[in-house]
Amino acid sequence: MPTQIVRLRGRNEEGMPYRSDFLDLRGGLNNAKSDELILPNELSDVSNYLPDIHKSGGLIKRNGLTAKSTPQSEAITSVFDGVADNYFTTSTSIRDLAGTSVDGSLTSSTGPDWARFDDTNLGNIDIFVNGAEERRSANGTTWANVSNMPNFKYIEPFNRFLFGAGHDKGRVRWSNPEDVETWDADNEIIITLDAENDITGLMSFRNNLVIFAERSFHHIAGFDEKRMTLPFSSYEIGCTSHRSIVKCRHGLFWWSDQGLIWSPDGFNVFNPSLVKIPDTIRSLNKGQYTNVHGIWNPNLECIQMYVHQGTSTTQDLMISYYPGEINSQSVGSESRFGSFWVSRGDGVTMGASGVVKESGENKIYIGSAAAAGKLFEQTGDDDVGSPIAAYFETQRESAKLGEEALKRSRRITALFIASGVPKATYGAYIDDSLSISESFDLSLTEAAFVLDVSKLDVTALGIGTAPTREEIGMRRRFRKIKHRISDTSQFNTRSRGIINKGFVLNA
């Protein structure tokens with residue numbers, strides 16, 4: 001719902017009431033524009049909040065962490081949903097999700113790549129490569145070398161073949177049909193790349209195998225072993241990290257030297273991050289872009305990319321992008337660019353991420369970048385017992401009444417759907433202030449409601465959680481105001497928005 005506020009009709013409108021609603025805050029972060037110029041449902045700043053697409057339609061704190069594995073002696077480098085089992089890796093081992101080693105013979109710490117493959121002789125197998133070693137398993141516990149396979153860094157099944165790259169500059173090879181241990185010398189395409197442009201990853205997408213390089217991307221197409229072709233190349237943008245390549249129903253996404261790239265069809269590319277969050281992109285450690293990793297979170301319908309802030313060498317910022325969140329308040333082409341959300345804290349300092357299906361349920365697992373870290377499931381209200389500090393800041397509003405109209409709030413109402421008994425804080429930036437001018441602590445009480453009964457008695461058929469309203473009186477006069485909600489409690493509280501009612505002091 002857009003901001004609604006009464007327009008002044010003349011000069012003598014003192015005492016006129018106004019109402020400003022921020023009941024749709026799902027436009028996400030926009031730091032490409034001044035906080036006065038962003039849309040009413042966009043946010044000038046946000047941390048650890050995400051759009052609550054399943055329930056209230058407001059904002060909810062991001063999921064926390066629950067430990068899955070025992071502590072590891074090395075950083076976690078990948079998470080994979082295999083055909084025989086589910087795995088995570090450290091620098092020297094492949095492990096099941098409980099942390100038990102199933103292969104401790106690895107010697108290379110290069111970021112690994114994985115594939116499922118249906119081999120005529122070996123059956124359905126899980127394959128691991130890291131540029132030095134190639135391992136396979138049909139049962140998840142017994143592992144062997146993949147005979148005759150080059151030292152690939154990247155692998156991807158496409159049609160009936162397994163493709164590999166990273167073993168030799170610009171070269172892409174594929175196996176014989178349904179035979180991962182036979183590699184005919186003629187099964188190769190050489191992509192001409194300059195000295196600063198080498199292959200960085202592979203991903204099958206629709207009818208093509210997309211070959212990503214540092215400054216370009218290319219398509220391989222074909223169903224016949226000896227008739228593979230290179231029908232398309234684009235030197236418009238490249239890819240920095242194979243672990244950042246994600247495909248979903250919206251298209252292909254990957255991380256480039258300019259931020260997040262989206263290709264709906266595998267040919268055309270857009271950079272929504274430079275349209276919406278250029279300040280965030282400028283603040284990142286570009287020297288660590290080769291370590292960016294990401295997933296498509298099917299539970300939240302968003303892309304999650306783990307990146308590095310400032311001079312950090314650890315992925316300490318999660319950028320969530322919702323490509324399906326079409327902003328009805330946008331005009332022109334910006335409406336197609338979805339919404340961005342930024343998260344910080346223990347739950348995002350992660351060196352690897354992956355989606356695993358267990359008993360028909362999609363679960364998000366992320367692995368610590370610390371040497372003594374664990375594998376965690378992305379779930380719960382807190383980060384392994386530590387509260388998640390979340391906040392958001394709205395547009396700095398003045399446009400409807402204009403900067404010359406002096407106003408006073410009669411009542412500012414913050415709306416929540418509480419879980420437990422959390423505490424939140426409301427803050428206001430008055431006029432052009434860059435620091436909080438007024439601040440109020442809010443104690444939220446979880447309220448119950450009764451379902452489907454004609455009278456209140458002990459036979460109530462159900463209870464649940466009702467919206468809670470916290471009203472604030474603002475003594476300050478203002479011409480412009482920006483609202484802030486923060487929540488540091490150990491609860492997954494949902495914020496529904498803010499309603500600001502007041503009157504005009506003079507026009």
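Predicted model: local features only at pLDDT ≥ 70, side-chain atom pairs only at ≥ 80, totals over all residues.
When the whole structure is searched, one cavity of 30 Å³ or more is found, and the largest cavity holds about 30 Å³ of space. Its lining is made up of Thr77, Thr89, Thr90, Ser91, Leu106, Ser108, Ser109, Thr110, Pro112 and Phe128. Of the residues in this lining, seven are polar and three are nonpolar, while none is charged.

Charged side chains come into view with the salt bridges, of which the count is 25. One of them joins Asp168 and Arg171, with 3.2 Å from N to O; Asp168 is partly exposed at a relative accessible area of 39%, and Arg171 is likewise counted as partly exposed, at 26%.

Another salt bridge brings together the side chains of Arg249 and Glu301, at 2.3 Å from N to O. This pair links distant parts of the chain, 52 residues apart, since Arg249 sits in the loop between strand 24 (246-248) and strand 25 (251-256), and Glu301 in the loop between strand 27 (293-297) and strand 28 (302-307). Arg249 is exposed, with a relative accessible area of 61%, whereas Glu301 is partly exposed at 27%.

In a further salt bridge, the closest N and O atoms of Glu438 and Arg476 are 3.8 Å apart. Glu438 belongs to strand 37 (residues 438-443) and Arg476 to the loop between strand 38 (467-472) and strand 39 (477-478), so the pair ties together parts 38 residues apart in sequence. Glu438 counts as buried at 13% relative accessibility, but Arg476 is partly exposed at 34%. Elsewhere, salt bridges with shared partners join Asp35, Glu393, Arg396, Lys482 and Arg484 into one network.

Note on methods: Residues numbered from 1 in each chain as written. Heavy atoms only, no water. 1 Å grid on protein atoms, 1.4 Å probe; cavity = no way out; pocket = protein on both sides within 12 Å on 5 of 7 lines; lining within 4 Å. Points joined across faces, edges and corners; volume = space filled by probe spheres on them. Nonpolar A, V, L, I, M, F, W, Y, C, P; charged D, E, K, R; others polar. Salt bridge = Lys/Arg side-chain N within 4 Å of Asp/Glu carboxyl O. Buried < 20%, exposed > 50% of the residue type's maximum accessible area, 1.4 Å probe, protein only. Helix = DSSP H or I, 4+ residues; strand = E, 2+ residues; numbered from the N terminus.
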